[in-house]
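Thanks for coming. Please have a look at the sequence and the model first.

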Amino acid sequence: MKSTHLSLIAGAATLAAITGFASLTAPQGPATTEAKAAASLPVERSSLVCPAPSTSDLAETRYTSFTPPGKDAGKGAEGEKGTAELKPALPVLDEDDPDPKKAEEAAKKVKEKADKPVLAVKEPGKPVTAEEDGSAAPALVGTATGTLAPGWAAQQTTTVTAGGARGLLGVSCTAPDTDFWFPGVSTARSRQDYVHLTNPDDSAAVADIELFGPKGPVTSEVGDGITVPGRSSVALLLSTLTDEAVNDLTAHITTRSGRIGAVVLTADDGSGTDWLTAAADPAGTLVMPGIPADATSVQLVAYAPGESDADVKVQLMGKNTTFAPAGNDTLHIKSGMTATVDLKDITRGEPGSLRLTPVEKSRATPIVAALRVVRGTGEKQEYAYIPATGPVGARSTVTDNRAKGSTLSLAAPGADAEVKVTTSAGSEGGEAAVETYKVKAGTTMAVTPKPPAGLKGTYALTVETVSGGPVHASRSLVLPEDGVQMFTVQTLPDDGGTVLVPSAQQDLSVLDD
């Protein structure tokens with residue numbers, strides 16, 4: 001009987017490594033005290049989705065993809081390297097299109113291209129890129145297998161140099177999920193916020209969208225039961241889901257069936273445009289890393305989804321110490337309502353990260369939060385978002401770094417920490433390099449990465465925790481255009497490249513009858 005139980009455990013362990021989601025709990029008792037350790041194994045399959053980049057004909061988009069090298073780079077579980085490909089999502093036909101025949105012909109052409117990868121990583125450690133101009137750049141869906149799966153990352157970066165959608169739009173492609181929080185969206189007349197839902201699977205997914213404002217839930221009769229066809233992406237203008245024009249909202253997106261990737265494309269008249277990615281799951285303590293030193297305005301948006309109000313301390317982790325902003329040292333967030341606070345130019349010439357902690361440790365009410373950060377003033381201003389994010393953990397990667405313009409922010413909210421930062425080889429040439437950094441507890445360190453020697457093309461940044469407390473990180477990319485400091489910020493949570501499974505040597509005799 002023991003061999004049978006071991007086979008079952010081994011099968012489950014394999015499933016965990018393949019999916020990256022499964023977990024196993026060994027039975028507790030006298031027979032398991034000698035071998036309780038779990039092994040950390042690399043996942044053997046990862047999924048990513050990327051939204052359609054822009055509706056502007058002036059848009060210029062660069063897609064990038066990368067897998068960091070591992071211990072067994074080049075060989076999968078069965079001795080195969082695996083694949084890591086992103087392909088175009090299928091089009092969704094508009095039933096009300098005035099020229100349905102033309103729409104069907106266009107859809108047919110896209111379907112013919114759907115099996116041709118836009119990006120395909122060939123080997124760990126070397127980024128790949130692709131470019132697409134105009135409004136026809138597609139949403140992407142894809143899967144990585146073998147040793148190209150652990151830590152697989154991708155990004156799309158879009159520049160629009162004129163028009164109402166002027167700005168730099170950057171977004172890391174996301175793993176599909178079933179639950180998303182977006183503090184900071186809006187249905188105001190000056191805003192055009194589109195939520196993009198992308199389905200990586202063959203079967204349709206069904207999603208619901210709830211909106212919460214400063215007074216509580218916002219009435220919406222069309223946010224329920226949104227169908228996202230298989231391997232397709234849909235975009236919905238949030239202001240069409242309700243008759244209420246509200247400046248600051250929190251959106252909660254869940255799925256009834258299937259899984260999706262969800263991100264929000266925001267545009268503000270006269271201020272620019274950028275992507276808002278999902279905030280970290282509700283928690284009592286949150287960190288938003290990487291506020292630029294020259295930020296001219298910072299707005300915090302927070303929401304308490306539970307039945308209890310939340311009282312939190314607002315603190316800035318600066319270059320040398322942690323302090324509370326004058327007049328905004330605490331924030332009260334009513335249950336089911338969105339709260340905002342204008343932190344103005346809180347960084348005052350030094351980089352920083354915002355930390356929210358409960359006023360009373362015994363009352364750590366879960367909340368979600370994000371920052372809207374503005375650089376410049378008047379016609380020269382541009383904004384980006386920094387949602388609350390989890391720590392780097394074992395490893396995290398961000399792609400599409402240029403020879404100039406990248407800043408890596410490292411924040412240590414608890415204890416001193418040390419991290420290793422690897423700049424990969426360039427997509428067209430260059431040699432990888434490694435640096436280590438020590439981050440003092442309660443501070444933020446802003447690092448200008450040293451590009452790889454002989455860099456040609458773009459490179460990836462991989463951050464790994466070496467020792468000490470947790471580190472929260474983000475990468476800011478700046479591409480100046482006509483006097484505007486166009487920028488975008490991407491956070492670096494743990495890449496989920498490993499999964500814990502029970503030790504194969506564990507004594508499972510307690511399962512015998």
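The side chains of Glu 382 and Arg 166 meet in a salt bridge, at 3.4 Å from N to O. A salt bridge here is a side-chain nitrogen of Lys or Arg within 4 Å of a carboxyl oxygen of Asp or Glu. Glu 382 sits in strand S27 (residues 382–387), while Arg 166 sits in the loop between strand S8 (153–160) and strand S9 (167–172), so the pair ties together parts that are 216 residues apart in sequence. Strands (E, at least two residues) and helices (H or I, at least four) are DSSP runs, numbered from the N terminus. Glu 382 and Arg 166 are both buried. Buried means under 20% relative accessible area, exposed means over 50%, and partly exposed is in between, with a 1.4 Å probe and protein chains only.

Two notes on the source. This is a predicted model, where local features need pLDDT of at least 70 and side-chain atom pairs count only at pLDDT 80 or more, while totals for chains, interfaces and linings use all residues. Residues are numbered from 1 along each chain as its sequence is written, and side-chain values use heavy atoms, with hydrogens and water left out.

Back to the salt bridges. How many salt bridges does the structure hold? There are 13. One of them joins Asp 400 to Arg 62, with the closest N and O atoms 3.6 Å apart. This pair links distant parts of the chain: Asp 400 is in strand S28 (residues 396–401) and Arg 62 is in strand S3 (residues 60–66), 338 residues apart. Is Asp 400 buried or exposed? Asp 400 counts as buried because its relative accessibility is 0%. Asp 400 and Arg 62 also belong to a network of salt bridges, together with Glu 131 and Arg 402.

Another salt bridge is formed by Asp 193 and Arg 191, whose closest N and O atoms are 2.7 Å apart. Both of these residues, Asp 193 and Arg 191, are buried.

Next, the sheets. Strand S27, which holds Glu 382, is part of an open sheet of 4 strands in the order S24-S20-S26-S27, with antiparallel pairing. Two strands pair if DSSP finds at least two bridges between them. Strand S24 (338–344) and S27 are the edge strands, each pairing on one side only. From one strand to the next, the twist averages 20°. For that angle, axes are lines fitted to C-alpha atoms, for helices over the stretch in contact, and angles run from 0 to 180 degrees between N-to-C directions. Strand S26 (residues 368–375) pairs with S27 in the antiparallel sense over 6 bridges. Which residue in S27 is the bridge partner of Arg 372? It is Tyr 385.

There is also an open sheet with the order S33-S29-S36-S37, again of 4 strands with antiparallel pairing. Its edge strands, each pairing on one side only, are strand S33 (443–447) and strand S37 (487–491). Strand S29 (residues 406–412) and S33 pair in the antiparallel sense over 5 bridges. Within S33, Val 447 is the bridge partner of Leu 408.

Now the spaces inside. On a 1 Å grid over the protein atoms alone, a cavity is a set of points where a 1.4 Å probe fits but cannot get out; a pocket is an open set with protein on both sides within 12 Å along at least five of seven lines; lining residues have an atom within 4 Å of a point. The count is 1 cavity of 30 Å³ or more. The largest cavity holds about 50 Å³ of space. Its lining includes Cys 50, Cys 173, His 196 and Gly 261. S17 gives the largest share of that lining, 3 residues. By class, the lining has 7 nonpolar, 5 polar and no charged residues. Ala, Val, Leu, Ile, Met, Phe, Trp, Tyr, Cys and Pro count as nonpolar, Asp, Glu, Lys and Arg as charged, and the others, Gly among them, as polar.

The second largest pocket has about 1,200 Å³ of space. It is lined by 38 residues, and those closest to its centre are Ala 52, Ser 135, Ala 137, Pro 138 and Ala 139. The classes in this lining are 24 nonpolar, 10 polar and 4 charged. For both volumes, grid points are joined across faces, edges and corners, and a volume is the space filled by probe spheres set on the points.
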